[in-house]
Amino acid sequence: MLYERSDVPSEKMVILGHTMWKRGDAEAAEVVGLIKEFAQLPKHIRWLYPTAMSVLESTNDYRTISDISEKLLTIEPEHPAARFYLGWSLYRLGKLERAESVFSESIEKNLELKRCHYFKGKVLTALYKSAEAVHEFDKAASHGNDELRLWESRIEAKFLSSWFQSARHDIEFLQEAGHSDKKFVRFWHALLKIQAIEYEQAIADFEDRSLIEHDPGLAAYYICVALIKVGRFEDAARLNEDMVADAWRPMVRILSHLERGREVTGELIERYQQS
């Protein structure tokens, strides 16, 4: 035991315990609980906050991150990291509207712009505001965020906004920069082939099952579209039942009926509208 349960951890002991915890030392397990507890006390929250975030982020304890961040903000309302982690944890918890508000406030205060613009874009994508998300990703890039995950998120938002030519331009840039083998580059390149009516090439690309695993629901839906367009209706029907999300299945059936020249029944349309 690094220190007795009744003791207040010193900074030296927390650093030691955190180092041991990162190495996977079983003796440091108690430190995690103590860090979470003491980081919520006004007397210790400031100096313990960075260590607490490191521990809690790696253990996906988003609720505690949110709680501690809010407590720190009551003491220091302009704390940049606390504002960021509050928005980030709310995003992870699915509280999207509040997360958007927190990130917007941080951006207005010029705090953590690179990260806040990026995650505001992620929130907006989750809220089906993909065109607005593209703007946030561009802003993140203008503040120095050139990570591959930003490129991936921006391509997704452009695709969902039907900005296919712009998304294709980003893919081509990444390919020229030596990232052709990245799974997300190959995934979005294959989807863009479907939008470009290159159905057979896209179907061939998705024979690599690892590409489907990148986003199974989205991939399955668009593969169904490609299969229907080349007349492989039975294959599309099987894939639709096995992998396509419930909300999209009626749309696949409607498209299949239309391509075959069959009547689209009122029941099928009603199912689509309900989904």
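Modeller: Gladly. Among the 23 residues that line the largest pocket, T125, E156, L160, D215 and L218 lie nearest its centre. Keep in mind that this is a predicted model.

Biologist: What is the general idea behind finding such a space?

Modeller: Rolling a probe the size of a water molecule over the atoms shows where empty space is left. Here, the largest pocket holds about 680 Å³ of space.

Biologist: Which elements give two or more residues to the lining of the largest pocket?

Modeller: They are α7, α8, α9, α11 (183-195) and α14 (216-229). Helix α9 gives the most, with five residues.

Biologist: And how do the residues of the lining divide into nonpolar, polar and charged?

Modeller: Twelve of them are nonpolar, six are polar and five are charged.

Biologist: Let me step back to the whole chain. How many helices and strands are there?

Modeller: The chain has 17 helices and zero strands. It is 275 residues in length, and 44% of them count as buried. As for contacts with a separation of 6 or more, 50% come from residues 24 or more positions apart.

Biologist: How should I read a nonpolar core?

Modeller: In soluble globular proteins, nonpolar side chains tend to be buried together. In this model the largest nonpolar core has 39 residues, and M53, W88 and F103 have the most contacts inside it. The elements giving two or more residues to this core include α3 (45-58), α5 (80-92), α6 (96-108) and α9 (148-160). There is also a second, separate core of 37 residues, including I171, A202, I223 and C224.

Biologist: What does W88 touch, not counting residues up to four places away in sequence?

Modeller: W88 touches E57, Y62, I65, F103 and F119.

Biologist: Where does S153 lie?

Modeller: S153 is in helix α9. At 4% relative accessibility, S153 is another residue that counts as buried. Apart from neighbours within four places in sequence, S153 is in contact with Y118, K122 and F137. The C-alpha atoms of S153 and G121 are separated by 8.1 Å, and these two residues are 32 residues apart along the chain.

Biologist: Last topic: backbone angles. What should I expect of phi?

Modeller: Most residues other than glycine have a negative phi. Y128 has a positive value, near 65 degrees, and is not a glycine. Y128 is found in the loop between α7 and α8, and is exposed, with a relative accessible area of 77%.

Biologist: What is the phi of I197?

Modeller: I197 has a positive phi of about 65 degrees, although it is not a glycine. I197 sits in the loop between α11 and α12 (199-205).

Notes. Residues are numbered from 1 along each chain as its sequence is written. This is a predicted model: local features need pLDDT of at least 70, side-chain atom pairs count only at pLDDT 80 or more; totals for chains, interfaces and linings use all residues. Side-chain values use heavy atoms; hydrogens and water are left out. Helices (H or I, at least four residues) and strands (E, at least two) are DSSP runs, numbered from the N terminus. Buried means under 20% relative accessible area, exposed over 50%, partly exposed in between (1.4 Å probe, protein chains only). Contact means heavy atoms within 4.5 Å. A nonpolar core is a set of buried Ala, Val, Leu, Ile, Met, Phe, Trp, Tyr and Cys residues joined through side-chain atoms within 4.5 Å. On a 1 Å grid over the protein atoms alone, a cavity is a set of points where a 1.4 Å probe fits but cannot get out, and a pocket is an open set with protein on both sides within 12 Å along at least five of seven lines; lining residues have an atom within 4 Å of a point. Grid points are joined across faces, edges and corners, and a volume is the space filled by probe spheres set on the points. Ala, Val, Leu, Ile, Met, Phe, Trp, Tyr, Cys and Pro count as nonpolar, Asp, Glu, Lys and Arg as charged, and the others, Gly among them, as polar.
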